[in-house]
There are 2 protein chains.
Amino acid sequence: MVSKKMLDLGKIRSGIRDIYEYGNKLSEKIGAENVLDFSLGNPSTPAPREVGNTIKHIVSELSPKEYNSYTSAPGDRDTRLAVARNLNTRFSTDYDENNIFLTCGAAASLNIIFKAVIECENDEIIVNTPFFPDYKVFIEGQGAKFVLVKCSEDLTLDTDELEKNINFNTKAVLVNSPNNPSGVIYPKENIDALVDLLNRKQKEYGHPIFLISDEPYREVVFVEESPEFLPNLYDNTLVAYSWSKSLSLPGERIGYILVPTNATDYTDIYAAISGAARVLGYVCAPSLFQRVIKDCIDVKPNIEVYQRNRNLLYTALIEMGYTLPNPKGAFYMFIKSPNNDGKDFCERAKKYNMLLVPGEGFGMKEYARLSFCVDTEKIEKSISIFKELMSEYDLG
Amino acid sequence: MVSKKMLDLGKIRSGIRDIYEYGNKLSEKIGAENVLDFSLGNPSTPAPREVGNTIKHIVSELSPKEYNSYTSAPGDRDTRLAVARNLNTRFSTDYDENNIFLTCGAAASLNIIFKAVIECENDEIIVNTPFFPDYKVFIEGQGAKFVLVKCSEDLTLDTDELEKNINFNTKAVLVNSPNNPSGVIYPKENIDALVDLLNRKQKEYGHPIFLISDEPYREVVFVEESPEFLPNLYDNTLVAYSWSKSLSLPGERIGYILVPTNATDYTDIYAAISGAARVLGYVCAPSLFQRVIKDCIDVKPNIEVYQRNRNLLYTALIEMGYTLPNPKGAFYMFIKSPNNDGKDFCERAKKYNMLLVPGEGFGMKEYARLSFCVDTEKIEKSISIFKELMSEYDLG
């Protein structure tokens, strides 16, 4: 009657959504203030004031036809130019509107890229642990083989493991820094080693290997160190971006794909991206928000609450003896269960009405993910629970 | 390097877009006021005032988190309920929020439906001429066989031809009424014959055959007669809807899928729709516009200009001796070339700076499509050109 694959995907919601739904039910029962729901990456900080003001300005000053009409498929030219100029200023690049393809958010950006580059079912796309679970859904959905490579002990890229897994069929390596779920920013030497590896392998196999950089958290960073801008280090980089997190607009579905001019067959890649967007039914990115982005391109994200939450909880957890990588960016902590069983850790936390997501879905079952894009009060409340949990394990 | 299929699709833009781009260049050269561009279905009527007022109200009165956040994947519950209630009032149905899945517009609705119902590459989806060209792109893109069936002489459904083309592999029949490009509304007896045929064939093959109703033009109707509401006539109907045309919001990408409770395995279909939306990267429909739709669900479309343009031009063309079906809905006329060569007709029109789209892409090469969602002045100007064109043919 219907596709078995789609049915299964629709029935078996993602683990993250399951916990979120559980949290909603629990909130109805005992009150939302008593549930410490750290399951979803839904920004707790509202969109900056400039966004609302820009919407009001557009709607008051312009004719609806100027902002509700179809744009061209790659998006409004002026918006693309604004994005390109913003990148040029920050990363000393030389992009213009023809390097930018506006999309309906990061999930759209990734699907369009996969659909554009995958040539046949033998193609492989490599993802590193820990990873955002929908990568698997998207890559397999667009017809390639999902290849998972284990990260290093410190949750950075393990280039030896990567080398073992790259072969003639490798179409792309996907990286996500700052990382969801770990908060890790891959350090410069780690990226350099990856670039070196990819360059060698491209030569060896005689065809390009794409580096796909999924970076919705680029601006959500809590340390001096910034994520590397990969197109400046490796020509065949494709960037998937979204304003969901940086401008707190996750529901509005607005993002872009960057195709650098230096990529091999740049013109063909951009054309294939256009073709893929068309096949998938992405007619254009939402037009009002294309205009909003044009006017808000230089607005800084407001990460003050995330920074406070992070400092508070990270310091406390380390003091208590928990093992977790330093969450330098994004708004997640990836906490190792004291008995190396992330599921067990989440079950124990549940008894205190604290909701975490087991690491298994992210490819690392020893861990649990906590989203700290929440009110600080909830972070404060969680501290005594984490203490209790640790003492449970200490007792055996 | 990239997918050949996607590259070709990206390079070879749709015929409609090609003519539109030609029009833009011509406008730069001779001035937009001198180009009669009837190529695109971009509504010339702005969104009703209520839409802009609702946006301003939402942005002024609510916290951004209330309208910019993720909604659940099927969409905001209250919006879905508002859509269901609106349908219930108009069509004496009994839907609730669980029958509605909000999407990023009609192209998304169709792709999600195709992805959800297609089980294997042997599956066939039937489309009737004349048809919107992207149907082929979407159906093949989601992995089924595109089967084209010729319509009757009067451009309604030819159920004899349909019967010849339905077989065990037929997964669905797609209809579009009011029709793009013809403006035809399939009459009740035509739909009855189709329903009768589908019921017989479902029995014969022992499995459901879906009727997919693509109806973005349901409210854009110029006669007393309304398009049939198909779920009331055939249980296994899936409706793809969009507010692009009825509320003049084509750039905002907002629409829905209706899954009627009476459909066989209704729960599984809805779940497969959810799975398909996830695989394709449609996280949720744009959230601000979900709210706008909730508040504007009963706003009537403004079709006054289209009605005027239609009456003016249709009367004139019939008087001149042109052959075309009565454009009862949508905002297109599908004009038969006097020498049965639509391409030739478009080429001749081009010399007068009048841009039509050849019928070949819509599956009927004798015709040319004219979009009358334009300023009335351009329709008035076109009349003398159509006269000239007819006299060209009369001269041989």
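Student: What should I know before we start?
Tutor: This is a predicted model, in which local features need pLDDT of at least 70 and side-chain atom pairs count only at pLDDT 80 or more, while totals for chains, interfaces and linings use all residues. Residues are numbered from 1 along each chain as its sequence is written, chains are lettered from A and ligands numbered from 1 in the order in which they are written, and side-chain values use heavy atoms, with hydrogens and water left out.

Student: Ok! Which residues of helix 1 of chain A are buried?
Tutor: In helix 1 of chain A, residues 4-11, the buried ones are A:Met6, A:Leu7 and A:Gly10. They sit on the same side of the helix, because they cover an arc of only 100° around the axis. The arc is taken from the directions from the helix axis to the C-beta atoms. Buried means under 20% relative accessible area, exposed over 50%, and partly exposed in between, using a 1.4 Å probe and protein chains only. Helices (H or I, at least four residues) and strands (E, at least two) are DSSP runs, numbered from the N terminus.

Student: And what is exposed on the other side?
Tutor: There, A:Lys4 and A:Lys5 are exposed.

Student: What do the buried residues of helix 1 of chain A pack against?
Tutor: Their partners are in chain B: helix 6 (106-117) and helix 10 (266-279). Contact here means heavy atoms within 4.5 Å.

Student: New topic: how can chain B be laid on chain A?
Tutor: A turn of 180° with a shift of 0.0 Å along the axis does it, giving an RMSD of 0.0 Å. That is the relation of a two-fold axis. The same surface serves both copies, as 100% of the contact residues of chain B recur in chain A. Copies are superposed by least squares on the C-alpha atoms of residues with pLDDT of at least 70 in both.

Student: Which residue of chain B comes closest to the rotation axis?
Tutor: B:Lys56, whose C-alpha is 2.9 Å from the axis.

Student: How many salt bridges are there over all chains?
Tutor: A search of the whole structure finds 40. A salt bridge is a side-chain nitrogen of Lys or Arg within 4 Å of a carboxyl oxygen of Asp or Glu.

Student: Which residue of chain B forms one with A:Arg278?
Tutor: B:Asp134, with the closest N and O atoms 2.5 Å apart. A:Arg278 lies in helix 10 of chain A and B:Asp134 in helix 7 (residues 134-141) of chain B, so this pair joins two chains. A:Arg278 counts as buried at 19% relative accessibility, and B:Asp134 counts as buried at 14%.

Student: What does A:Lys201 form a salt bridge with?
Tutor: With A:Glu163, where the closest N and O atoms are 3.8 Å apart. A:Lys201 lies in helix 9 (residues 188-205) of chain A and A:Glu163 in helix 8 (residues 159-165) of chain A, so the pair ties together parts that are 38 residues apart in sequence. A:Lys201 is buried, at a relative accessible area of 6%, while A:Glu163 is partly exposed at 28%. Both belong to a network of salt bridges that links A:Glu163, A:Asp196, A:Arg200, A:Lys201 and A:Glu204.

Student: Is B:Cys104 buried or exposed?
Tutor: B:Cys104 is buried, with a relative accessible area of 4%.
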